[in-house]
Amino acid sequence: MPATPKATKLAVMGHFLAPTSTTTTGNLQYKCKHCNSCISANIKATSSNLKRHMKRKHPSISTELINRPSSSSYTNAIQPSASSFTVTTKWKDTNPRQLRLTNCLLNFIASDLIPFSIVDSAAFRELMATAEPNYTIPSRKHLSYTLLPRRSAAVQADLKLKMQQAQDMCLTIDIFSSRDMHSFIRITGHYILDYTIHSIMVACKRFKGSHTADNIRHVYQETIACYNLARRVSTIVTDNAANMVKDFILPGMEDLAQVEDEPEAGGEEVAVTDEFVYLPRERSSCFAHTLQLTVKDGLKEAGQMRTVIAKVANLISHVRKSTTATQILESSLKFVLANATCWNSQLKMLCSLLRVPDSVLDQLHFPDKLTPHDKKIATELCEILQPFQDAIDSVQGEKVATSSMVIICIRVLRHRLQSLGRTYDWKLVATLQIAVEKRLAPYESLENFRLATTLDPRFKLDWCTEEEILGVRDLLSSKASAINPPTPSSESSPPSPSAKRLRLIEFMSSRKLATVSAQTPPSLHPEVQDYLTQAIVAEDSEPLTFWKENRHRYPALAKLACKYLAIPASSAPVERLFSIAGKLFRPERCNLTDSKFEQLMMIRCNSKLN
């Protein structure tokens, strides 16, 4: 039986309209399946409204179907699913959702070091079309030459606004050359805002020409002018001496470096012909690099240990090349892999191997097995170097205060080495003691670190000798008076109970200012007197949390704490950028220009600022 005209009309309209509700006048409320536009009318009027709507909004879809005579064949001809008539409306460039997804795409490319050519990938386009059909994927050219610079400029503008809120800022500067002899200069900024440490990438760019002080000064001054930081930079942290210190490996592990995976930030360091004499105010050398030099000096006297370490390295190399040996170790103890050029990671690998039971090592069928004497020597080496490993770990944090740990680490190392010297009759221990006094002891006299340690409520003056206490106290008082001149105040709060010392600094004795001098000098700032009289806080406490809670009680000291606790003890934050830079300049990305490299680094490192 042929369909009636009304039935045919309803069938045709059903492919374009979906009834949603009934209006107050009794008419039906229809919605276009293509654009979700609403059409409210009775069935006759809706037919006319539909034709006008289709001509106006969807001209590519023929309205001929609505005007054809009714017949069962025609009705059947239009029965394909509504998806046959689907037309996707792409978002405009100004659509907020389009902009948001484009920024996410740029962040994805920069963060995961993805080539721009991914937007030409058929699989990627299919993924995006399935996930969001309305999104218009930008072309590779538009992404590279228009959207990337625009996004980088927006991130940099936001970075400038955040940096203007900082009262004092510390910069770390370094120069590096990759294995393909591409040189980079990197600058990071560190400051405390709202009692939270912020670390940002100020610049990471290709460095061309001779690595002279004049050329470095030009890049530095250009960066300072770009961000208007001339009056905000209070401290600079650089590498030691001629600005560069090479990574090194444990003696005896030289051959192992050839079978290890390529390190993230490898490459030969580049010497600079002059010191950073032009840098403003205070400058300090990277404490982590100085620690490495100290260990390196000591390992020159490794003696018999060198032979044992070489034997252990051969065993490790055998395990790395044998799937059977690897499976045996995995079933008994997790094997810590090492970076080929970092002695501390090799130390961790050595210690993890020494923890493997002899019964398991015997299953490896390694011809040159470790004797009990060999294991004893290797174990003693791990114990001797462990304090240096602990020190490096404590000064390489990025979101925590590390400047207050410099003097603490030096005095802990001095104390531990004295104890180890009474236990082990190794020339290595004596050499390390000499190296500590030669290389690390000068940090104890630097004003930045003396104030940072005192402003850490976990230490205060406990790190000082009896001869140092009055000098450090007066120094802190003069700094506080320069910010907030002292005024007569009420009596100080009574001393609070001392927190128990943890193992790291258990040899320190908790003291109070009242026990140092029976008579407080009139010039002593009242905030300093009150602060130093109070007992230390627990060692696992967060220093900046203390200052946030006591900012009204000690306003001048809180400002000083934000200045000195923001100083990083090492240039580790800036060095982490080089692992990224090296991966960006892979052989398959040899056409990456310097400007695009800088833009990608800006987005990757600063697009998620807190």
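The second largest cavity of this predicted model holds about 60 Å³ of space. It is lined by 13 residues, and those closest to its centre are Ile197, Glu398, Val400, Ala566 and Pro568. A cavity is here a set of points on a 1 Å grid over the protein atoms alone, where a 1.4 Å probe fits but cannot get out, and lining residues have an atom within 4 Å of a point. Grid points are joined across faces, edges and corners, and the volume is the space filled by probe spheres set on the points. By this rule there are two cavities of 30 Å³ or more. The lining of the second largest cavity comprises eight nonpolar, four polar and one charged residues. In this classification Ala, Val, Leu, Ile, Met, Phe, Trp, Tyr, Cys and Pro are nonpolar, Asp, Glu, Lys and Arg are charged, and the others, Gly among them, are polar.

Because the model is predicted, local features need pLDDT of at least 70 and side-chain atom pairs count only at pLDDT 80 or more, whereas totals for chains, interfaces and linings use all residues. Residues are numbered from 1 along each chain as its sequence is written, and side-chain values use heavy atoms, with hydrogens and water left out.

**Overall organisation**

The protein has 23 helices and eight strands; these are DSSP runs numbered from the N terminus, with helices being H or I of at least four residues and strands E of at least two. Of its 610 residues, 49% count as buried, a term that denotes under 20% relative accessible area, with exposed meaning over 50% and partly exposed in between (1.4 Å probe, protein chains only). Among contacts with a separation of 6 or more, 72% are between residues 24 or more positions apart, where contact means heavy atoms within 4.5 Å.

**Helix packing**

Two packed helices are described by the angle between their axes and the distance between the axes. Axes are lines fitted to C-alpha atoms, for helices over the stretch in contact, and angles run from 0 to 180 degrees between N-to-C directions.

Helix α9 (residues 287-299) and helix α14 (residues 372-395) have axes that come within 9 Å and cross at roughly 170°. The two are therefore roughly antiparallel to each other, the class for angles over 145 degrees. From α9, the contact involves Phe287, Leu291, Thr294, Val295 and Leu299, and from α14 it involves Leu381, Leu385, Phe388, Ala391, Ile392 and Val395. Ten of these residues are nonpolar, one is polar and none is charged.

Helix α5 (residues 96-111) packs with helix α23 (residues 594-606) at an angle of about 100°, their axes being 8 Å apart. This pair is therefore roughly perpendicular, the class for angles of 65 to 115 degrees. Leu106, Asn107, Ile109, Ala110 and Ser111 of α5 meet Leu600, Ile603 and Arg604 of α23. The contact has five nonpolar, two polar and one charged residues.

Helix α19 (residues 526-533) is mostly covered, with six of its eight residues buried. The buried residues are Glu527, Val528, Asp530, Tyr531, Leu532 and Thr533, and they pack against α17 (447-454), α18 (466-483), α20 (543-549) and α21 (555-564).

**Individual residues**

Aspartate 297 is located in helix α9 and counts as buried at 14% relative accessibility. Leaving aside residues up to four places away in sequence, aspartate 297 touches Thr431, Ala435 and Arg439.

Serine 183 belongs to strand β5 (residues 183-193). With a relative accessibility of 9%, serine 183 is buried. Beyond residues up to four places away in sequence, serine 183 touches Phe176, Ser177, Lys205, Arg206, Phe207 and His211.

Isoleucine 483 is placed in helix α18 and counts as partly exposed at 37% relative accessibility. Apart from residues up to four places away in sequence, isoleucine 483 touches Ala556, Lys559 and Leu560.

Glutamine 327 lies in helix α11 (residues 323-332) and is exposed, with a relative accessible area of 54%. Leucine 353, in helix α12 (residues 343-354), is buried at 2%.

| Residue pair | Separation in sequence | C-alpha distance |
|---|---|---|
| Glutamine 327 and leucine 364 | 37 residues | 10.0 Å |
| Leucine 353 and isoleucine 316 | 37 residues | 8.1 Å |
| Isoleucine 483 and leucine 560 | 77 residues | 8.6 Å |

How values were computed:
1 Å grid on protein atoms, 1.4 Å probe; cavity = no way out; pocket = protein on both sides within 12 Å on 5 of 7 lines; lining within 4 Å. Parallel < 35°, antiparallel > 145°, perpendicular 65-115°, else oblique.
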